[in-house]
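Let's take a walk through a protein together.

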Amino acid sequence: MLSKVLSYGLNGIEGFVVTVEVDISSGLPKFDIVGLGDTAIKESKERVKSAIKNSGLEYPMTNITCNLAPADRKKEGALYDLGIAMAILFATNQIDYKKIDDTIFLGELSLNGDIKKVNGVLPILISAKEKGYKKFIIPDDNYFEASFISGITVYTVKSLEALANSYKNGDNFLKLVQPSNYEQLKKKNSQFSIDIKNVKGQQSAKRALEIAAAGGHNVLMIGPPGSGKTMLAKCFPTILPDMTFNEALEVTKIHSVAGELDLKDGIILNRPFRTPHHTASTVSLVGGGTNSKPGEISLAHNGVLFLDEMPEYSRHFIETLRQPLEDGQITVARAHQTVTYPSSFILIASMNPCPCGNYGSKKNECRCTPAQIHKYLSKLSGPIMDRIDLHIEVDNVTYDDLNSVENCESSAQVKARVNKARELQLNRFKGTKIYSNSKMNVLQTKKYCALDDESKKIMQLAFDNLNLSARAHDRILKVARTIADLDGEQNILPKHIAEAIQYRSLDRKYWV
Ligand SMILES: Nc1ncnc2c1ncn2[C@@H]1O[C@H](COP(=O)(O)OP(=O)(O)O)[C@@H](O)[C@H]1O
Ligand SMILES: [Mg+2]
């Protein structure tokens, strides 16, 4: 007999429905799975067989053929186990086939029949809902992940035996997923152990970080060792604007696919802050590879990618950042297909200005030769520098600043201003797919960054004197828009554009 059960597959974070077809025919005991599956799917046979046997159900000692359709799409992972097992139970009439309608089954089976958590449940539910599917059966461990999607019916279940029983006897072994409240959860969860008030002095660096947080702009901090670059960067998450629910869903999708989701919350509540080490492999940074997972630059989506001592990272990786810094996504090629992951992050980079660290310092003398300095700085190419909106110099903090008893502004105070500026942007971009000024396209930049005559004059002067590219020009406009938003100004004023330009002059000091 033939049976069909629905399951779901993912390519990156985009999903497609998978039909699990099982045909049972007479013949020698044999079990084949066809349909472009990976190793985990090949091994599915053993898990499904043991799970059925150990759940008090009957495993047919005949010829079983299982097809995962569409056969031309690559399928990965163990999440089809449950669908395959159910298709076998239907095909052998152990469960009434009429009862299943359009339910989508997801779950990995262990040998004793327990249903184990799978990765990617959130993106699957979102994608399947868009395609009109309404009913799902998923592992119990993925309960909270499912609780943020409204308009669908999701049941969780602990074991194959419980699932079979609830179909056979009507006993309710399934748990209906109840909706969770994102705002409530977030309130409980926004504590940080650090605060920007502990960074003494460095007013201009703090100002630049505030602008970056408000508008989503990239930052490069240059300065001697010990000046507080790493410390400033680590405080950056504490002043980031609150994440909207939609942003949180986008982030959670990626972390869910990567298997990095905290199953207790089921959703990511704070903006990611990723600090990959410079020795990490390119695959782990960029994503892809045999198991095709999102890399650090995608896990940083809607949050921060912090590259401490940026010239230490491989040139190849640094150049790979060009696409995400421009388009907010990364495409990785694989054997059978390409995968695109969202990758829209704020880049915070820090570096010493030269190998000894003192080039350009007002306090200490640099011991490097011009050639050494040039080689060091050239690790960051022109195209990369062009994509970094705010270049700031962080010199060593003075003794007086360090020992000042005066209270610096707290993270909460800065964050309040940032949130206000971000509100303005969310209103401005309502109904579009962007959330911040930094992501404006050409048309939006034209529309929202109009300059008065005086501002235009300032801009032209800078354009000629600083030898700016068209990209730098547009990025300056966007930064100016953010500065105006922090000021609560409808229009960009000359002082806003002047400040924005000032953050683009450092590459001329060091890189020329
Ligand atoms: N502005 C500052 N205010 C308070 N402490 C500072 C400041 N700058 C540096 N420090 C102290 O110096 C340490 C080293 O700073 P760090 O951020 O690692 O410097 P960098 O990354 O520039 O080499 C910090 O952990 C902190 O204790
Ligand atoms: Mg450091």
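Two residues are in contact when they have heavy atoms within 4.5 Å of each other. Keep in mind that this is a predicted model, where local features need pLDDT of at least 70 and side-chain atom pairs count only at pLDDT 80 or more, while totals for chains, interfaces and linings use all residues. Residues are numbered from 1 along each chain as its sequence is written, and side-chain values use heavy atoms, with hydrogens and water left out.

Start with the overall layout. The protein is divided into domain 1 (2–176) and domain 2 (187–511), with bounds that come from an automatic or database domain assignment. Their centres, taken over C-alpha atoms, are 43 Å apart. Where the two touch, 18 residues of domain 1 are in contact with 25 residues of domain 2.

How big is an interface like that? The size is often given as the accessible area lost when the parts come together. Here, buried area is the accessible area (1.4 Å probe) that the two parts lose on being put together, summed over both. Between domain 1 and domain 2 it comes to about 1,800 Å², and carbon and sulfur atoms give 64% of that. On the domain 1 side, Ile13, Lys74 and Phe148 supply 32% of the area buried against domain 2, more than any other three residues.

Now look at helix H3 (residues 81–91). Helices here are DSSP runs (H or I, at least four residues), strands are runs of E (at least two), and both are numbered from the N terminus. What about burial? A residue is buried under 20% relative accessible area, exposed over 50%, and partly exposed in between (1.4 Å probe, protein chains only). H3 is mostly covered, with 11 of its 11 residues buried; among them are Asp81, Leu82 and Phe90. Just after H3, Asn93 takes a positive phi of about 60°.

Finally, jump to helix H21 (residues 470–486), where you'll find Asp485. Is Asp485 buried or exposed? Asp485 counts as buried, because its relative accessibility is 3%. And who are its partners? Leaving aside neighbours within four places in sequence, Asp485 is in contact with Ala421, Leu424, Gln425, Arg428 and Asn437.

Methods:
Chains are lettered from A and ligands numbered from 1 in the order in which they are written.
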